Amino acid sequence: MSKVHEDDMLAAELALGLLEGDALTEAQRRTVTDPEFTKRMHGWEAHLANMADLPPVNAPASVKRALMTDLFPDAVKPPLWQRIGIWQALTGGALAAALLFALMVFPMQQPQSTGPLYTAEIASEIGDFRVVAVVDKTREEVILTRTIGAAPEGRILQVWAHGPNEPAQSVGLWPEGETVRLALPAEIAAVRGTLTLGVSEEPIGGSPTGSPTGRVFGTVDIPNVQNAI
Amino acid sequence: MAEDPTKSQTKEPLERIEALIARVTLDDRSALSELYDLTQAKLFAVSLRVLGERQAAEDAMHDTYVKIWKNADRYQVTGHSPMTWLITIARNTAIDRLRARRSHADVGAYSETLGSSAPTPEQSTLVASDAKRIVQCLDTLPSNRRAAITGAYLDGRSYAELADAAKVPLNTMRTWLRRGLSALRECMEQ
């Protein structure tokens, strides 16, 4: 058997992962010292990769979240509120500070709340955008405060919301400022169960289509939303 | 957040993926995020096929993209098309996990396969069609040789395991497999 053929077989066995012990060590050494051999191995890798060219299967979103959290821990959004009640969440410093800030900017005119108050955070996966949202079911309003990021030059922010299995609808535009206060549209005020909020960047004047057209910075699900009593 | 020309929607998926890998070498996080979105379904299919079980496949996906993030600078060296490079990393990562699991204990549990969702047109054309030849060539091989090559590549079987499964001596298996590879090489060069 020719040397070339023998090398070709070895390169294929290396690409397949069939070599063990000394044979493996020697072949791996050659991928550093022998460009011809390395080229053969890469050639086999390319051919073999077609055996793994399979119909796509979507991975669950949790895989990406965990990946981004692990790689970029400084950009993590703490989804604390998803598991614990708002009053416990309030003890978490940054969230509480931002919430209090929002409430100071827009002090409640009716101190006796009769509906629940929900707080949530919308953050981009890569950590370049972060918003604290407060949904006030007494006033059927949402108050949002940016803590990180902004719309790109010449664009504005737009706030979206939807109930379970419904398409997103616009809650309102957020053309400027760190904080905005928006009245919930009737359909959104009527949502029971999980209310999803999101923020996207859109052309000045808002999305021309009625759905987000620009980058969606992030969304958040607020579970168990109930009405004012 | 300035406009980024590489985010143009008009680019072919493969060129776009290549541009994103280049940006990942510069530690561009948003490029990794976009690369993930564009390629996750292809790579998850590989992980699932190799590991046969959802949780293990999800764990392997995590490792795969960590490697992509850390080793994107090696992409150019291989001369691979971008999807070949990504699929090879996904396959090798899944095989490593599979072998680690086998060496720990029960081998039996992994054969279950899972249903797949329908491909989107964009995703199903990511890999260059001219290299598809190996798949056709595999079909021309005697079934025992085809099974050996597939068992090694997609199930991470060693020569000893392949020989065991086929109930032949190890040397016979090595001969089968090498003859299979030779025939593949010949077929692909035609």
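Chain B comprises 10 helices and 0 strands in its secondary structure. The model is predicted. From the N terminus on, the elements of chain B follow the order α-α-α-α-α-α-α-α-α-α. Chain B has 190 residues, and 49% of them count as buried. Its accessible surface comes to about 9200 Å². Carbon and sulfur atoms hold 50% of that surface. Contacts within chain B were also sorted by separation in sequence. Among those between residues at least 6 apart, 62% join residues at least 24 apart.

The interface between the chains was examined next. Here 49 residues of chain A are in contact with 58 residues of chain B. The area buried between chain A and chain B is about 4900 Å². Carbon and sulfur atoms give 63% of this buried area. Three residues of chain A, namely Met51(A), Pro56(A) and Val57(A), supply 15% of the area that chain A buries against chain B. On the side of chain A that touches chain B, α1 (3-16), α3 and α4 of chain A each supply at least two residues. The most comes from α1(A), with 9 residues.

Charged pairs form a further group. Side chains of opposite charge can pair when their charged atoms come close. Over all chains, the whole structure holds 24 salt bridges. Between chain A and chain B the count is 5 salt bridges. In one salt bridge, Lys42(B) pairs with Asp53(A), and the closest N and O atoms are 2.4 Å apart. This pair crosses between chains. Lys42(B) lies in helix α2 (residues 29-51) of chain B, while Asp53(A) lies in the loop between α3 (35-49) and α4 (61-71) of chain A. Both Lys42(B) and Asp53(A) are buried.

A salt bridge also links Asp37(B) with Lys64(A), with the closest N and O atoms 2.8 Å apart. Asp37(B) belongs to helix α2 of chain B and Lys64(A) to helix α4 of chain A, so the pair joins two chains. Within chain B, Asp28(B) forms a salt bridge with Arg23(B), the closest N and O atoms being 2.9 Å apart. Arg23(B) has 10% relative accessibility and therefore counts as buried, the limit being under 20%. In chain A, salt bridges that share partners connect Lys3(A), Asp7(A), Arg30(A) and Asp34(A) in one network.

In soluble globular proteins, nonpolar side chains tend to be buried together. The largest nonpolar core in this model has 72 residues. Those with the most contacts inside this core are Trp44(A), Leu43(B), Leu177(B), Leu181(B) and Leu184(B). Helix α2(B) gives the largest share of this core, 10 residues. Leu181(B) is in contact with Met9(A), Ala12(A), Leu16(A), Trp44(A) and Ile149(B), leaving aside its neighbours within four places in sequence. A second core is separate and has 27 residues. Among them are Tyr118(A), Val142(A), Leu157(A) and Ile188(A).

Conventions:
Residues numbered from 1 in each chain as written. Chains lettered and ligands numbered in written order. Predicted model: local features only at pLDDT ≥ 70, side-chain atom pairs only at ≥ 80, totals over all residues. Heavy atoms only, no water. Salt bridge = Lys/Arg side-chain N within 4 Å of Asp/Glu carboxyl O. Helix = DSSP H or I, 4+ residues; strand = E, 2+ residues; numbered from the N terminus. Buried < 20%, exposed > 50% of the residue type's maximum accessible area, 1.4 Å probe, protein only. Core = buried A, V, L, I, M, F, W, Y, C linked by side-chain atoms within 4.5 Å. Contact = heavy atoms within 4.5 Å. Areas by Shrake-Rupley, 256 points an atom, 1.4 Å probe, with all protein chains shown as cover. Buried area = accessible area lost by both parts, 1.4 Å probe.
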